[in-house]
Amino acid sequence: MRFDFYEPNTIGECIEMLTHFGLKTSLLAGGTDLLVKLRLRHIRPQAVISLGGIDELKKLERKSDGSLEIGAMKTLQEVESSNLLANEFDLVRQGAGCVSSIQVRNVATLGGNSCNASSSADTVPALIALGAEVQIVGPQGERHLVLEDFFAGPGETVLQKGEILTEFKLPAPSSHSGGTYKKYAIRGEVDISIVGVATRLTLDRNHKLQEVRIVLGGVAPTPIRVRRAEDMLVGQDPKEELFEEAAQLAAEESRPISDQRATAQYRREMVKVWTRYTLQETFQKIREAIKAR
Ligand SMILES: Cc1cc2nc3c(=O)[nH]c(=O)nc-3n(C[C@H](O)[C@H](O)[C@H](O)COP(=O)(O)OP(=O)(O)OC[C@H]3O[C@@H](n4cnc5c(N)ncnc54)[C@H](O)[C@@H]3O)c2cc1C
């Protein structure tokens, strides 16, 4: 297959090229999803624009207010091994570390994992659980969205013509909070998730559950928050029976399909198991952190 290849050095140049070439263009980040689609002839672009030469997309910065900004072109390996992401933002490291092999993580990017819009993407539940916002830049300027609103369906995002995802913004975490991501796949990390669950808990000063996020991957057309389960836990004392109840609600809220990897029933059962496990694990981590202070 023949196509023209471009490598802009700035976001502005990239937007100009995208606007100029229109719909017959593909953006290339690490290429781990895109090259598969090209080889299988699922897409036939006339031009491919690489984001690899744009340094603005490679930042990783802790801001003075405690929030964190991660450029879309940070590789999953850089994310997983970054000390800036240790402790409060560890959930993203857990998600990134679950993606395939080191060879894939060395080139695959955080932005590509969201823009590919697979419901099973391993970094997305973790980012949503942390309250991530995305920055989108296009011909009309800049806009911001919470990541959970970025997905329009399987393989589809809300990106408009000429727009790119430039960075993720993670709000400053509260103290007494923690998170856990668990993926279930037949061949472990090298395989695509059958179910992925990220949970994040924040306790108030009386150690009641102040904020709860439970995000599921692989069990609906896009990654989803299970609000009934979250709401049921808020304001309560963290207890095993409650986590069990929340896990049941999460399974009821999931909308899995059957495919070659697992039946819908099996997926729903795994949502229950992983939700209960990740809630307990997260609570345990917070309790240990409080004790260690
Ligand atoms: C062997 C193998 C195993 C895998 N295992 C896993 C796994 O376990 N878990 C998992 O989650 N994923 C897995 N993947 C999928 C893939 O590695 C990830 O989705 C990866 O993060 C994609 O990033 P990339 O930089 O390679 O994206 P690319 O392939 O370069 O791009 C993906 C899509 O996003 C678009 N895009 C990329 N960046 C931007 C941007 N900044 N703005 C707008 N559009 C953009 C591209 O145009 C393309 O459509 C696997 C892939 C392979 C080949």
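Me: What percentage of the 293 residues of the protein chain count as buried?
Reply: This is a predicted model: local features need pLDDT of at least 70, side-chain atom pairs count only at pLDDT 80 or more, and totals for chains, interfaces and linings use all residues. Residues are numbered from 1 along each chain as its sequence is written, and side-chain values use heavy atoms, without hydrogens and water. Buried means under 20% relative accessible area, exposed over 50%, partly exposed in between (1.4 Å probe, protein chains only). By that cut-off the buried share of the protein chain is 52%.

Me: How many disulfides does a search of the whole structure find?
Reply: A disulfide is a covalent bond between the sulfur atoms of two cysteines. Here the criterion is a pair of cysteine sulfur atoms within 2.5 Å. The sulfur of cysteine 14 has its closest cysteine sulfur in cysteine 115, 11 Å away, which is too far for a bond. The search of the whole structure gives 0.

Me: Is cysteine 14 buried or exposed?
Reply: The relative accessibility of cysteine 14 is 0%. Cysteine 115, in contrast, is partly exposed at 30%. So cysteine 14 counts as buried.

Me: What share of the contacts with a separation of 6 or more comes from residues 24 or more positions apart?
Reply: Contact means heavy atoms within 4.5 Å. In the protein chain, residues 24 or more positions apart account for 62%.

Me: How far apart do the centres of the positive and negative side chains lie?
Reply: Lys and Arg count as positive, Asp and Glu as negative; His and the chain ends are left out. Each charge is placed at NZ of Lys, CZ of Arg, CG of Asp or CD of Glu. The protein chain has 37 positive and 39 negative side chains, and the two centres are separated by 3 Å.
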